[in-house]
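Subject: Handover of a structure and its pockets

Dear colleague,

Please find below the structure that I am passing on to you. My notes on it follow directly after.

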Amino acid sequence: MSGDRGRFITLEGIEGVGKTTNRDYIQRLLEQTGRTCIVTREPGGTPLGEALREMLLEHRHEGMSSDAELLLMFAARAEHLHKVIVPALEAGNNVLCDRFTEATYAYQGGGRGINDKKISELENWVQGELRPDLTIILDAPVETGRKRAGQRSAPDRIEKEKNDFFERVRHTYLELASHYPDRIAVIDAGVDLEKVQDQIVHVMTEHGILA
Ligand code: T5A
């Protein structure tokens, strides 16, 4: 990729922590850097990816095997990278993606118990050397996130997992952040929105995304 490529920012966290709520705010911050910001999401972001999202989240595929779930996440990601993310970064745009591979480590790894090595093999195969420049993990207790998500919509196939599943997901996110502090930042999302957004500006500045 050329030296003038855009920045790749991803947003992560358990259900209901405020990823969607903060997306527009982060997009505006990224546009202040003078580059267009493409906002997208996973699973999804392309026609094929959105079709795979439906298969992954709707209830008629209850009992899907963990390996099938993992492979479908990466199938959607491969399409997303080829059709949207890499071309946008190469054209000099910033890309803001609501969830990416850290979600796979957290949900399919931590939540479902798939070995990290399998996930990292797929990560290397599908992404090559591409990793997000910054991943912002919005962190809040599981009860807080579930309560907020429950007020918004009925649970999908993954959201209906029990609290201990989401405790493992949260724990894995925090572990990832401690392994890669240079590119993964944790924000306390259990507080008022204004305080969450102050922390977002702080980490984006600290990681050199904002001047
Ligand atoms: N998945 C995804 C995998 O298993 N593996 C993978 O590799 C990938 C990529 C995707 C699902 O797929 C799984 C994970 C997910 O289960 P999704 O729609 O991307 O699903 O993710 P969700 O977490 O389900 O999205 P949600 O919309 O539930 O959560 P958000 O976006 O984090 O929360 P948001 O912004 O909608 O906020 C929820 C409510 O809380 C309020 C908001 O107003 C809203 O009502 N709120 C606050 N209230 C008080 N204080 C604050 N600070 C607040 N912030 C938000």
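In these notes, helices (H or I, at least four residues) and strands (E, at least two) are DSSP runs, numbered from the N terminus. The model is predicted, so local features need pLDDT of at least 70 and side-chain atom pairs count only at pLDDT 80 or more, while totals for chains, interfaces and linings use all residues. Residues are numbered from 1 along each chain as its sequence is written, and side-chain values use heavy atoms, with hydrogens and water left out.

**The largest pocket**

Grid points are joined across faces, edges and corners, and a volume is the space filled by probe spheres set on the points.

The largest pocket has a volume of about 720 Å³. It is lined by 34 residues, and E15, K19, T20, R99 and R152 are the closest to its centre. At least two lining residues come from each of α1, α2, α3, α4, α6 and α8, with α1 giving the largest share, 5 residues. The lining comprises 13 nonpolar, 7 polar and 14 charged residues; here Ala, Val, Leu, Ile, Met, Phe, Trp, Tyr, Cys and Pro count as nonpolar, Asp, Glu, Lys and Arg as charged, and the others, Gly among them, as polar.

**The ligand**

The ligand sits in the largest pocket, in the sense that more than half of its atoms lie within 2 Å of the pocket's grid points. It is surrounded by 26 residues, of which T20, T21, R99, T104 and R152 are the closest; a residue counts here if one of its heavy atoms lies within 4 Å of the ligand. In this shell, α4 gives the most, with 4 residues.

- A polar side-chain atom of T21 is 2.5 Å from an oxygen atom of the ligand.
- An N or O atom in the side chain of R77 is 3.1 Å from an oxygen atom of the ligand.
- A backbone N or O atom of V191 is 2.8 Å from a nitrogen atom of the ligand.

Taken alone, the ligand exposes 1000 Å², and the protein buries 84% of that (Shrake-Rupley method with a 1.4 Å probe).

**Other spaces**

The second largest pocket has a volume of about 240 Å³. Among its 14 lining residues, Y105, D116, L176, H179 and Y180 lie nearest its centre. The helix α7 gives the most to this lining, with 5 residues.

There is 1 cavity of 30 Å³ or more. G13, I14, I137, L138, D139, A140, R170 and Y173 line the largest cavity, and β4 gives the most to that lining, with 3 residues.

**Backbone details**

Most residues other than glycine have a negative phi, and most peptide bonds are trans. The peptide bond from E42 to P43 is cis, with omega near -10°, and P43 lies in the loop between β2 (37-41) and α2. R99 has a positive phi, near 80°, and is found in the loop between β3 (94-98) and α4.

Yours sincerely

Terms used
On a 1 Å grid over the protein atoms alone, a cavity is a set of points where a 1.4 Å probe fits but cannot get out, and a pocket is an open set with protein on both sides within 12 Å along at least five of seven lines; lining residues have an atom within 4 Å of a point. A polar contact is a pair of N or O atoms within 3.5 Å; within protein, one must be able to donate a hydrogen and the other to accept it, and residues adjacent in sequence count only if both atoms are side-chain atoms.
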